[in-house]
Amino acid sequence: MRVQSSATAPSRIAVDSPVTAPGNTSSGTLMAALGVVAFSLTFPATAWGLEGFGPWSLVAVRSLLAALIAGGCLLALRVPLPGRRHWLGLAVVAAGVVLGFPLLTTLALQTSTTAHAAVVVGLLPLTTALLSALRIGTRPSRTFWVAALAGAAAVVAFTVQQSGGALTTADAYLFGALLVCAAGYTEGGRLARVMPGWQVIGWALVLCLPLTVPATALALAHEPVRLTAHGVAGLLWVAAGSQFLGLVVWYRGMAAIGVPKASQLQLAQPLLTLVWSVLLLGEHLTVAAPLTAAAVLVCIAVTQRSRG
């Protein structure tokens with residue numbers, strides 16, 4: 001379905017036409033960077049949320065609240081349903097970033113520190129770029145891949161060193177989360193080229209309502225809830241900040257600058273997460289942090305300047 005745009009009706013957007021002007025790399029990079037900042041708070045906020053909610057309750061309620069926010073926006077702006085050919089892609093986004101990643105990382109954070117969990121985020125840019133090359137035919141340059149691998153290696157080495165080099169049972173959850181999230185990012189970045197990014201995540205959230213509504217009822221009935229300031233704040237952030245607003249700007253950024261380059265901005269995410277972990281959770285960092293930060297920034301600069 002096509003709907004003509006109007007200056008007096010901003011909600012009437014052609015869902016099947018490109019929505020981001022080509023070459024708008026500055027605003028696209030800014031949008032993707034804002035998404036990274038939002039995502040960097042996810043693990044600390046999840047740790048806060050687990051103080052008041054069980055893991056299944058936290059995941060179900062966050063998805064339900066985010067869906068209510070997104071659904072309200074879609075209804076208020078009278079956004080038409082996406083074309084039938086887009087629903088499979090939206091289902092991949094829903095499975096990856098609405099259900100899979102939140103659930104698997106929340107289960108992992110029951111026994112893992114945020115520093116150790118940041119390993120999955122360090123590997124996410126490379127995995128997303130690989131899936132993007134397979135799914136939508138992007139072909140980054142050799143320089144891009146060398147810098148991406150170097151940045152991923154630096155982040156992995158740092159986060160493993162932070163956790164003492166020990167592997168836990170949570171690793172299976174983390175690597176599973178890595179794969180499903182990369183698939184959701186790749187498909188969402190592709191869809192964001194033909195519909196606004198906020199509609200991509202909005203429809204994905206709404207698509208999950210038949211699952212999240214009964215899941216919320218069941219989880220709250222079987223897991224104890226202890227309302228605390230940290231628990232409520234963590235829940236609200238992962239629902240509104242990470243699950244909706246962060247993905248809105250993230251998909252918009254990917255549509256503007258491409259999935260591979262946007263994904264490399266996430267090389268900074270584990271380091272940001274560690275900063276928030278110190279400030280919000282009282283975790284301690286080693287002197288390796290500034291050295292790794294410098295290496296990561298160099299890798300980001302190289303990937304952003306490389307030409308595919």
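Below are questions and answers on a predicted model.

Residues are numbered from 1 along each chain as its sequence is written, and side-chain values use heavy atoms, with hydrogens and water left out. Because the model is predicted, local features need pLDDT of at least 70 and side-chain atom pairs count only at pLDDT 80 or more, while totals for chains, interfaces and linings use all residues.

Reader: How many cavities of 30 Å³ or more does the structure hold?
Author: A cavity is a set of points, on a 1 Å grid over the protein atoms alone, where a 1.4 Å probe fits but cannot get out. Grid points are joined across faces, edges and corners, and a volume is the space filled by probe spheres set on the points. The number of cavities of 30 Å³ or more is 1.

Reader: Which element gives the most to the lining of the largest cavity?
Author: Lining residues have an atom within 4 Å of a cavity point, and the largest cavity has 16 of them, with Phe39, Thr42, Arg62, Phe101 and Tyr185 nearest its centre. Two or more residues each come from helix 2 (42-49), helix 4 (87-108), helix 7 (170-191), helix 10 (229-257) and helix 12 (269-281). Helices here are DSSP runs (H or I, at least four residues), numbered from the N terminus. With 4 residues, the element that gives the most is helix 4.

Reader: Is Leu131 buried or partly exposed?
Author: Leu131 lies in helix 5 (residues 114-136). Leu131 touches Leu179, Ala182, Ala183 and Thr186, not counting residues up to four places away in sequence; contact means heavy atoms within 4.5 Å. Buried means under 20% relative accessible area, exposed over 50%, and partly exposed in between (1.4 Å probe, protein chains only). Since its relative accessibility is 27%, Leu131 counts as partly exposed.

Reader: What separates the C-alpha atoms of Leu131 and Val259?
Author: Along the chain, Leu131 and Val259 are 128 residues apart.

Reader: Why is helix 8 largely enclosed by the rest of the structure?
Author: The buried residues of helix 8 include Trp198, Ile201 and Trp203. These buried residues pack against helix 3 (55-76), helix 4, helix 7, helix 9 (209-222) and helix 10. Helix 8 (residues 197-207) is largely enclosed because its buried residues number 9 of the 11.

Definitions and conventions. 1 Å grid on protein atoms, 1.4 Å probe; cavity = no way out; pocket = protein on both sides within 12 Å on 5 of 7 lines; lining within 4 Å.
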